[in-house]
Structure formats: structure tokens, C-alpha cells
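Please look over the model below before you read my points. Keep the sequence open beside it.

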Amino acid sequence: MAVEVVMPKLGMAMDEGTVSFWNKEVGDTVEKGEPIASVSSEKIEIDVEAPASGTLLEIVIPEGESVPPGTVICYIGNEGEKIPVTAQPRAAKETVQEKTGAEKTEVSSRPAIKVGDRVKISPAARKLAREQNIDIFQVKGTGPGGRITKEDIERELIKKNTAAAKSAAPISAESLFPPIGQEKETKKVTLSGMRKVIARRMMESLQTSAQLTITMKADITELNELIEKASEMTEKKTGNKLTVTDFICRAAVLALKEHPVMNSALINDEIHYHDRIDLGIAVAVEKGLVVPVIRDAEKCSVSDLSQQVKELAEKARSGKLTHEEMQGSTFSISNLGASGVEFFTPILNPPETGILGVGMAEDTPVFSGDEIKRRTILPLSLSFDHRVVDGVPAAAFLRTIKEYLENPLMMLI
């Protein structure tokens, strides 16, 4: 009997998941435990493993479509096995009624993919062919074993467009110089998965808070010297090399303890002051941005923070973060220094009151009395909710971070 593969539930708050891509196609042999698809929900993306060995009989949910957890996304069974009549694929349906007043009949607007229609084609190629109305039965595959690749479909599309151009009307001045405002052809990609969630949350952030950004520069010359001196010792003792980011996290935590209003949230016209600091660290991943959280950061030393930052970043990039590891931050840090950015405007992670943006440190000539010295300057940007805190106290908070970074020994006491 065919085995159902369902959309997994990736956390208590998950409402729907999106099929990012299929690793297999209908008719392929799969082994139990083999990744057959990738699915995403909010900011998590994981592989779905085959619950049994057999043949992929039918793909119910195509790439890019979102469904609630528990929804069947495909069937696995013996080659040629029929799907039970009661197991209907979840495809978009429309109700059709005969003019004679006959009973309504549900008809799938997207025919199911069956083994009998077997064509060796990659999922990306199948998707492109469907979008561009290319008959895959007329395409010669150049991939392994005659498999049709995305490049094969693109070549077929060029042929199709070239043929259409040859049969078109003679070139006119109007066609060479179209009127201003003429609609251009564009490639449309539906927001889904992680990108869709990020888009929604960023809009909610800007629409539900009064955001303002202020900036300062911190001289981290002495901090770099301290890290260089302590690097070998800390690496031997803990196996972990300290970085400027680790000290930025520590400086932010210490500043939050001194300025508790920045570790708060405005909820239903009430300012909620958090009794613990759960520090969110923004990490760029292939398809967007995730913010893993360091719990009880106020209890962590620089070394503890360093280890957790690296562990969470690694889990984020490998797609192994759990839903719970990305929830409940009270203040966040976003570092774009590695991208060459100086000052920028980070967007609040609701319902937090503040987020610290970190830019690229640069060696800069600085006046010290009448002398010019070479110093390393780090740009800092603080976005905050002006409904909760005004500019002066926000500036005092940012200045406290600056003072800790410029006097790094204070962070080790």
C-alpha cells in the first residue's frame, strides 16, 4: 500500500510549510531515510526524508506551494501501484456544474503527475517548462541518461522565441522605440517560505513602531590589541578564538543592564521590562536572514558568548536551528561589517525596543592633541522604538556600548 509523506510540523507556532524544492521526481527510486524534498516554515528549512523505500508514485504539492502541517505532499510505493481512491491529491480545484443542473463535480485544475507520463527531467526544468508552456515530450535531454535539464528548456525557449520573431511583422519604428510607459516583460517569482516571512515581519515592524536610528563611532584599537594578546591563550584553554563580535555582544549586554528600558517591549500600551537578556544575533543564510537567540546572555562571560555565537551561526548556516532557538529575543545585533557596510539602518525585530547595527571597522587617521595617530574605528547604528524611549536616553545607551568597546578590560571584570 502506498505510503503518505506529509508536511512536517516545524514548531508549535507553525501554520503552514512551503515545499522549497524536490530532490526526486515521479518514478524515481527512493531509499528509506533519503532526503526527497526540502521544506521551509518561517525561518527554518529542513530536508524531508523518505519514511519507506520504494518508488515516488506521485508529487501532490509542487515547488513553491504552501500547505498546513500534516498535509500529504507525495506518495511512495511499489512501481505501478495505484493511489487509493480515498487518497486524493491536494491540488487546486474548481467546481464545475453542467447547464442541465447536474450535480457539481470537482475537477483538478492541475493534473496529477503519474508514473505513466514518465519523462526524465529535473524539477527546475519541469517548473520552467510549465511556466513557459514548453512541451517536455518534444525536448531532447542532454543530462545523464537523457535527463532534461533546465538548460535544455532554456535552449528550447530560445528556439521558440526565435521562430516567433521570424514569423512576426516587419520591424517598424514603433517597435524599435516603444512609447514611454509600455509594459515590460518581467520574470515573476512568488514570495514563499523564508522570504515571505521576512517580508511580512519587516513590514509589520515598520508599520507598528516609530523607528529612529542614531549613530556613533567607537575606537577599538585597544580592543584589537587585547584580542591579539589573549587570542592564543583563549584558544588553548577553550578551543575557541575570541573576535570583535564577541566583545560587541558583551558590551551590548552590559549596556542593557545599565539601561533596562532598551531591554523592554511595548505591548498593549504597556512597557514590559524583561528580567533577563535574550540576545538575538542576525545570521545571513542562503535564502534570507535568521536570528538565533543566546538565552540569559547576562550570565555569560565573553568566552561563553563567543562559543554560543559560533555554535548558533553554524547551526543557522547548516539549517539545523530549531524553531525555539529563534524565538523570544529581547534585543538584537546585526553585523554587516563583513559586507563592507559602514553605517546602516537596521529594522527592529518586533516587539523589541532596540537593535544594534555594526559596520566595517577601518583604520583611520585621528588627531590626538597635535599628533595624528592611526586608530581603528568601528561604526555603530542603533535603531530604537521612539514610542518607548527618546533620543537622549537612547544615545546614552549607545554611548555606554562605545565606552565598553573603547575600554575592553572593563568587560572582563
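1. **Contacts along the chain.** Among contacts in the protein chain between residues at least 6 apart in sequence, 61% join residues at least 24 apart. Contact means heavy atoms within 4.5 Å. This is a predicted model: local features need pLDDT of at least 70, side-chain atom pairs count only at pLDDT 80 or more, and totals for chains, interfaces and linings use all residues. Residues are numbered from 1 along each chain as its sequence is written, and side-chain values use heavy atoms, with hydrogens and water left out.

2. **Overall make-up.** The protein chain holds 8 helices and 21 strands. Both are DSSP runs numbered from the N terminus: helices are H or I with at least four residues, strands are E with at least two. The chain has 413 residues, and 42% of them are buried. Buried means under 20% relative accessible area, exposed over 50%, and partly exposed in between, with a 1.4 Å probe and protein chains only.

3. Which residues touch the most other members of the largest nonpolar core? They are Phe 331, Ile 333 and Leu 405, out of 56 residues. Helix H6 (residues 244-258) gives the largest share of this core, 9 residues. Another core lies apart from it, with 25 residues, among them Leu 10, Val 39, Ile 59 and Ile 73. A nonpolar core is a set of buried Ala, Val, Leu, Ile, Met, Phe, Trp, Tyr and Cys residues joined through side-chain atoms within 4.5 Å.

4. **Leu 382.** Find Leu 382 in strand E21 (residues 371-385). Leu 382 counts as buried because its relative accessibility is 0%. Leaving aside neighbours within four places in sequence, its contacts include Leu 212, Ile 214, Met 262, Phe 331 and Phe 397. Phe 397 is 15 residues from Leu 382 in sequence, and their C-alpha atoms are 9.3 Å apart.

5. **Met 411.** Met 411 sits in the segment after helix H8 (391-406). Is Met 411 buried or exposed? It is buried, because its relative accessible area is 2%. Met 411 and Phe 247 are 164 residues apart in sequence, yet 7.8 Å apart in space, C-alpha to C-alpha. Phe 247 is also one of the contacts of Met 411 beyond four places in sequence; others include Arg 250, Leu 254, Val 302 and Leu 405.

6. **Thr 330.** The loop between H7 and E18 holds Thr 330. Thr 330 counts as buried, because its relative accessibility is 4%. Its side chain makes a polar contact of 2.6 Å with the side chain of Asn 263. A polar contact is a pair of N or O atoms within 3.5 Å; within protein, one must be able to donate a hydrogen and the other to accept it, and residues adjacent in sequence count only if both atoms are side-chain atoms. Beyond four places in sequence, Thr 330 also contacts residues including His 274, Arg 276, Asp 278 and Glu 352.

7. **Lys 32.** Lys 32 is in the loop between strand E3 (29-30) and strand E4 (35-41). Lys 32 counts as exposed, because its relative accessibility is 62%. Leaving aside neighbours within four places in sequence, Lys 32 is in contact with Ala 50, Pro 51, Ala 52 and Ser 53. Lys 32 and Pro 51 are 19 residues apart in sequence and 5.4 Å apart, C-alpha to C-alpha.

8. **Backbone points to check.** Most residues other than glycine have a negative phi, and most peptide bonds are trans. Asn 268 has a positive phi, near 50 degrees. Asp 269 has a positive phi too, near 60 degrees. Asn 268 lies in the loop between strand E12 (264-267) and strand E13 (270-273), and Asp 269 lies in the loop between E12 and E13. Asn 268 is exposed, with a relative accessible area of 70%. Asp 269 counts as exposed at 77% relative accessibility. Where is the cis peptide bond with omega near 5 degrees? It runs from Pro 350 to Pro 351. Pro 351 lies in the loop between E18 and strand E19 (354-358).
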